[in-house]
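Please view the sequence and the model below, then follow the account of selected helices and charged pairs.

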Amino acid sequence: SFSAQLARGCDENLLFDFISDTEELDQRFFSGTIQSSGSLGRLLVPSLLKLQSFETLREVLKLQQQWFDEDHACGVIRSFVIDRMSSDLTVGYGGEAAAVGLRCMKTIGPLFPQLSDVFEHQHRLFDAKNFTSDTMHISNDVIAKVFDISHSNVVMIECLVQECPQSLLMGCEFWGDIGRSKNACVDALQYFSFQIETAVSKGPISDSALVLPPMPGGLVMQLANILGINTPFETLVAKKIMLMGSLRKSLVHAAVAICYSMLADAAFTDDYTDIYRSELLSCIDAILLDQTFVNSVIKKELCIQSVKLLSVSVTSSFDTLLETLYNLEYESLMNWEQDSSERDRGVLHDSSFLERVAKQARDLTATNDQNVSSLPGRSKNVFTDGGLNCLFHEIKEATSTDLLPLLCSFHEGVVPNKSSLEVICRTVLSWISSEALMDKISAAESTMSNYNVIVMIELVSCCLNELDNDTSFAIISHAVEAFESTVVRGYSSTTAQIYPDEAIVESLNGRGYG
């Protein structure tokens, strides 16, 4: 009768009337045994949950604790919440069932601290499902498989990488390009090597001039953070899953970059166990045995860093590591003289910036890759600072003009073609103007973009210097006029700047979002 009247929306006095009547009935006819038996609680908890009368249930729990068996109430509430939070897979994750589960946790949760871990896990699952749906744009079928109720957090990551391997490249698609991924891999090696050396030497942590490119699996790791994967070993296992997934997709440079991040994590871990070391060695072993990984320089650096960081252990993985290092050392000694002569023949002794850019353009046209002959001692990033291939491609996309053939025509001791110089100047100045305006409206400053602009300013200066004064001034004047007119049009259409709410940002950070 009480539940039926609640369903009809009776006022809050009904609760107090019910409690009073029940106490009087129990004292008169049953000597108080009904209230202490737990029977009332067994009837009320599922009934009020089904009616979604969470506030009423909360008040009864607070006023009449003796009516309820705590273990039974916890079990029923736990099952109710899990059922509501996991029954929403086909209709979207902001739907009615999940909203009911969230409201139940918020209303009743404070009365059951023993359920806090369960409720936090359900909250994280809810956030993770929204993240995979709204940010990663994963299909509902895959999400249903990933967030199966029987899966642990690590198994969810493994299932995601297996069902949707392209998730490793979301937001960092360049790792799928063999040339750009190699350059990015070299930068990651240098960045993490600096971190490892700092940790091993026990020196103070200082800022490095090196820039870490966006890492493969960045969104997957963000999902891992949302799920609560944050211990050193769990993070290692999550990265191992991404590394193996990268090797299955033949993304060997991405796998190497992930492996170096794992080595850096190990360097900063105070005490890692034998199983930690074994898992890490198995990842290194998988990379060294991959048939598509033929870059001996990067492979040798990986071996050296691993031997320096990990203590020697009698395992098959460590044997593979030492054998690979031995073979690479032998190979480098046998080919040292030949490699040295080839490097000497390839040196461009003229220091002219224009000629250096022209030579690199010819190299890019011939190989579509950069030959990184040595890793130690490099002072600039290959992917961020030296990847002119990416830059020329970006300019071509923005202006529909391919600079590579024009630059390839420049040779030492040969007067550059005037028409080619003019096209380069106009194209580059147009691109610089666009980049400058994009930087003004961008939410975050880009080191890569700033460096590229500086490089192109240097290039266009060299080209202008090769032209006569009248032509140079005419090109500059036209570029300035075009820039000013674009700025005027931009300001007239600019809307008010939108700033994030700091409280919301802080709350999201607390939920594991970066």
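Arg426 and Glu422 are 4 residues apart in helix 22 (residues 418-441), which means that about one helical turn separates them. Helices are DSSP runs of H or I with at least four residues, numbered from the N terminus. The side chains of Arg426 and Glu422 meet in a salt bridge, at 3.5 Å from N to O; the term denotes a side-chain nitrogen of Lys or Arg within 4 Å of a carboxyl oxygen of Asp or Glu. Arg426 is partly exposed, with a relative accessible area of 43%, whereas Glu422, at 19%, counts as buried. Here buried means under 20% relative accessible area, exposed over 50%, and partly exposed in between, with a 1.4 Å probe and protein chains only.

The model is predicted, and local features need pLDDT of at least 70, side-chain atom pairs count only at pLDDT 80 or more, and totals for chains, interfaces and linings use all residues. Residues are numbered from 1 along each chain as its sequence is written, and side-chain values use heavy atoms, with hydrogens and water left out.

**Salt bridges**

The structure holds 10 salt bridges, including the following.

| Pair | N to O distance |
|---|---|
| Arg426 and Glu422 | 3.5 Å |
| Glu163 and Lys145 | 3.7 Å |
| Asp83 and Arg84 | 2.6 Å |

The salt bridge between Glu163 and Lys145 joins two helices: Glu163 lies in helix 10 (residues 153-163) and Lys145 in helix 9 (residues 140-146), so the pair ties together parts that are 18 residues apart in sequence. Glu163 is partly exposed at 37% relative accessibility, and Lys145 is partly exposed at 47%.

In the salt bridge of Asp83 with Arg84, Asp83 counts as partly exposed, with 39% relative accessibility. Arg84 is also partly exposed, its relative accessible area being 23%.

**Helix 4**

Helix 4 comprises 12 residues (residues 39-50), which at 1.5 Å a residue should span 16 Å; the end C-alpha atoms are 17 Å apart, in agreement. The expected span is 1.5 Å times one less than the number of residues in the helix.

Which residues of helix 4 are buried? They are Leu40, Gly41, Leu44, Val45, Leu48 and Leu49. Seen down the axis of helix 4, these buried residues fall within an arc of 125°, so they line one face of the helix. The arc is taken from the directions that run from the helix axis to the C-beta atoms. On the other side of helix 4, Leu43 and Lys50 are exposed. Gln52 follows helix 4 and has a positive phi, near 60°.
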